[in-house]
Amino acid sequence: LSQLNYPFIVNMHYAFQDNSHLYLVMDLLTGGDLRYQACKYRIFTEEQTKYFLACIILALEYCHNNNIIHRDIKPENLVLDKNGNVRLTDFGIAKYQHANNSKDTSGTPGYMSPEVLCGLDHTKTVDFFALGVIGYEFMKGVRPYVGNGRKEIKEKIMSRQAMIKTQDIPKGWTNTAVDCINRLIMRKPAKRLGNKGAEEVKKHLWFRDFKWKELYMGNLLAPFIPKNEDNFDYNYCN
């Protein structure tokens, strides 16, 4: 974090310690995390989900350009600012990418890619698998692979390729959105959207006309604006 600074991550400004504590001074975001919002609303519209994912894609592009794999992309680690922009946080298990990383298997079951669950060498595409899981979850209200613990989720991933079928597309969602999400959650990294980097995801038909520069500059109106009174606990403020 001391080496990173970007509009779509929760940035650290200072770090200091006393005899018993380490203190991190970070951006204050009052919109709550996406897990809170997902529990409250269960599903989101295509427009809202697309905007959320676009913010995450920019954050991942920045991290990956700095050779960092986040490895724990999930709604709990995505925080909204007051304007509805999503920022990535919690770099506790982030790693610089290196060869022979099969032992780096930390993460959250349900969002972990098959190659990580199977203890194989992996690349930055693990973050795009998690991105697809979030898109699937926000569309359907449930993750593509659900189970009690890592072992059961691994068995389900290895037994079938989750796909959103045409007859299961929720009302208001397009085939283009479904295609993007289905390609992000491909089990084989070589077939996964994002295998060639974030630019490949940004060029998908679903995002092709998205106003990336305006998003980066903060000039877009987010389709979901959090309510501050619901999403931030001021009891932890001094």
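Author: A residue counts as buried when its relative accessible area is under 20%, and this cut-off is applied here to a predicted model.

Reader: Is Thr-49 buried or exposed, and what is its relative accessible area?
Author: Thr-49 sits in helix α2, which spans residues 46-65. The cut-off for a buried residue is under 20% relative accessible area. Thr-49 therefore counts as buried, its relative accessible area being 0%.

Reader: Which residues does Thr-49 touch, not counting those up to four places away in sequence?
Author: Contact requires heavy atoms within 4.5 Å. With residues up to four places away in sequence left out, the partners of Thr-49 are Phe-44, Gly-135, Phe-138 and Trp-173.

Reader: In the largest nonpolar core, which element contributes the largest share of residues?
Author: This core has 64 residues, and the members that touch the most others are Leu-88, Phe-207 and Leu-215. The largest share, twelve residues, is supplied by α2.

Reader: What percentage of the residues of the protein count as buried?
Author: The protein contains nine helices and six strands. In soluble globular proteins, nonpolar side chains tend to be buried together. Over the 238 residues of the protein, the share that counts as buried is 47%.

Reader: What radius of gyration does the protein have, and what would a compact globule have?
Author: Along the principal axes, the C-alpha atoms fill a box of roughly 50 × 40 × 35 Å. For 238 residues, a compact globule would have a radius of gyration near 18 Å, and the protein agrees with this, having 18 Å.

Methods: Residues are numbered from 1 along each chain as its sequence is written. This is a predicted model: local features need pLDDT of at least 70, side-chain atom pairs count only at pLDDT 80 or more; totals for chains, interfaces and linings use all residues. Side-chain values use heavy atoms; hydrogens and water are left out. Helices (H or I, at least four residues) and strands (E, at least two) are DSSP runs, numbered from the N terminus. Buried means under 20% relative accessible area, exposed over 50%, partly exposed in between (1.4 Å probe, protein chains only). A nonpolar core is a set of buried Ala, Val, Leu, Ile, Met, Phe, Trp, Tyr and Cys residues joined through side-chain atoms within 4.5 Å. The radius of gyration is taken over C-alpha atoms; the globule rule is 2.2 Å times the number of residues to the power 0.38.
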